[in-house]
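Student: I would like to go through this model with you, one question at a time. Could we begin with the make-up of one chain and then turn to the rest?

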Amino acid sequence: MASLVAAVAASHAPTITAAPETAEAGPRARVYGAMAALRDELAAARADVLVVCSNEHFTNFFLDNFPPFCIGIGDQHTGPAESWLRIPPRVVPGHRALGTWLLEQALAADFDPAFSEELRLDHGIMTVLHLLDGDRRTPVVPIIQNCAVHPMPSLRRCFRLGQVLRRAIEAWPAPARVALIGAGGLSHWVGRPEMGRINAEFDRWFLGRLAAGRPEEILQLRDADVEAAGNGAHEIRSWLTVAGAAGGARGRVLAYEPIAPWVTGMGVLTYTGAPGLADGPRAPAPDSRAHAEER
Amino acid sequence: MALYALQKAIYDYLNPKGPPEAPHPERAALAAAYGLTDAERAALVGADVRALAELGVHPVLLNSFARACLSREAYRATLAAMARPETSG
């Protein structure tokens, strides 16, 4: 049987690769240090496949057909969709067997995700993949969520998707090691005059609930409550999917920095090593001095 | 023309058909194909972020379009100007 060997989440501001130099050195180093710690954690976990939950930015879907969830089942994907990310375009290997298994198990659990053989991966996945997987080229099963266009799946529905994914991964007959990554949020405003504003109070509250193993308090938020942290804050859904997969475990916050030039509250969190997850190692405390900034 | 058509033209601009390296289509051609009004056409062809926002383009779609068409500095300046009341000269 397969096992879930890592469960992590991080913000995915495109500027983290497109223009990292716009942030002050201290916050930038702390975020990059935390991402490097996650990268080491994932490497030590020896994941065979990465399941990456992120959100749609009108890259694959338009208003003629905008699914709440879509699982990428193709043999390969392409990315990044944006030419300005400073990430070389490439083919990202997919994992048809696991993608199809997750789709089938989701349907059996009364979830009804869309599926796609042909996903373009934008900054939502590619920035995090670039920083966490580097040149390892681990196969990826992307899961795209609607965190942009109302009506969106509820926070609770996204959390429950994570529970379904966890059960599906652990029921997969293949002897594989699977890591789950959530990418998005935290507070930010997109395409609006408030862009650059950050609601650090909301972000710290959100991270605090996950660190305490109390996601229920978050799941009670209405979309209007989330909107107080910006229209981009709806992307916390990807974090909640990871929280659902973590089964109520306490997360460990490796970094939080409100970085206005990156227009995002930048959070990094891991559940790896928490009780109930497989034998993945805990990330060491990030040492911002030890990790050079990547491009 | 409906907002839907304007947004579809933006989406098609950002996501050209064909292989990943396919170039962006001409914005003027998209405006014609979707039968946009003069105001919509001018906003699309001129990458006028403020005008597109006032026409109701979804902010996430608008953000992707702005990042594809404008420098980061120009985009931020436009948003900052949008935060201020427009003054007539």
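Student: How many helices and how many strands does chain B have?
Tutor: Since this is a predicted model, what follows describes computed coordinates. From the N terminus on, the elements of chain B run α-α-α-α-α-α. The count for chain B is therefore zero strands and six helices.

Student: What is the radius of gyration of chain B, and what does the globule rule give for 89 residues?
Tutor: Along the principal axes, the C-alpha atoms of chain B fill a box of roughly 40 × 30 × 20 Å. For 89 residues the globule rule gives 12 Å, and the value for chain B is close to this, so the chain is as compact as a globular protein of that length. The radius of gyration of chain B is 13 Å.

Student: What percentage of the residues in chain B is buried?
Tutor: A residue counts as buried if 20 or more other C-beta atoms lie within 10 Å of its own. Applied to the 89 residues of chain B, this criterion gives a buried share of 36%.

Student: Which helix supplies the largest share of the side of chain B that touches chain A?
Tutor: In the contact between the chains, 19 residues of chain B meet 18 residues of chain A. Helix H1 (3–14), helix H5 (59–69) and helix H6 (72–82) of chain B each supply at least two residues of the side that touches chain A. By class, that side of chain B has 11 nonpolar, five polar and three charged residues. The largest share, seven residues, comes from H5(B).

Student: Which are the edge strands of the open sheet in chain A?
Tutor: The sheet is formed by eight strands with mixed pairing, in the order E6-E3-E7-E2-E8-E1-E10-E9 (chain A). An edge strand pairs on one side only, and in chain A these are strand E6 (114–116) and strand E9 (252–259).

Student: In E10(A), which residue is the bridge partner of Val8(A)?
Tutor: Strand E1 (residues 3–10) and strand E10 (residues 264–270) of chain A run antiparallel and are joined by three bridges. In E10(A), the partner of Val8(A) is Thr270(A).

Student: At what angle to E1(A) does helix H5 of chain A run?
Tutor: Helix H5 (residues 155–171) of chain A lies across E1, strand E2 (49–55), strand E3 (69–72), strand E7 (140–145) and strand E8 (177–183) of chain A. Its direction relative to E1(A) is about 150°.

Notes. Residues are numbered from 1 along each chain as its sequence is written. Chains are lettered from A and ligands numbered from 1 in the order in which they are written. This is a predicted model: local features need pLDDT of at least 70, side-chain atom pairs count only at pLDDT 80 or more; totals for chains, interfaces and linings use all residues. Two residues are in contact if their C-beta atoms, placed from the backbone, lie within 7 Å. Helices (H or I, at least four residues) and strands (E, at least two) are DSSP runs, numbered from the N terminus. Ala, Val, Leu, Ile, Met, Phe, Trp, Tyr, Cys and Pro count as nonpolar, Asp, Glu, Lys and Arg as charged, and the others, Gly among them, as polar. Two strands pair if DSSP finds at least two bridges between them. Axes are lines fitted to C-alpha atoms, for helices over the stretch in contact, and angles run from 0 to 180 degrees between N-to-C directions. The radius of gyration is taken over C-alpha atoms; the globule rule is 2.2 Å times the number of residues to the power 0.38. A residue is buried if 20 or more other C-beta atoms lie within 10 Å of its own, exposed if 12 or fewer, and partly exposed in between; C-beta atoms are placed from the backbone.
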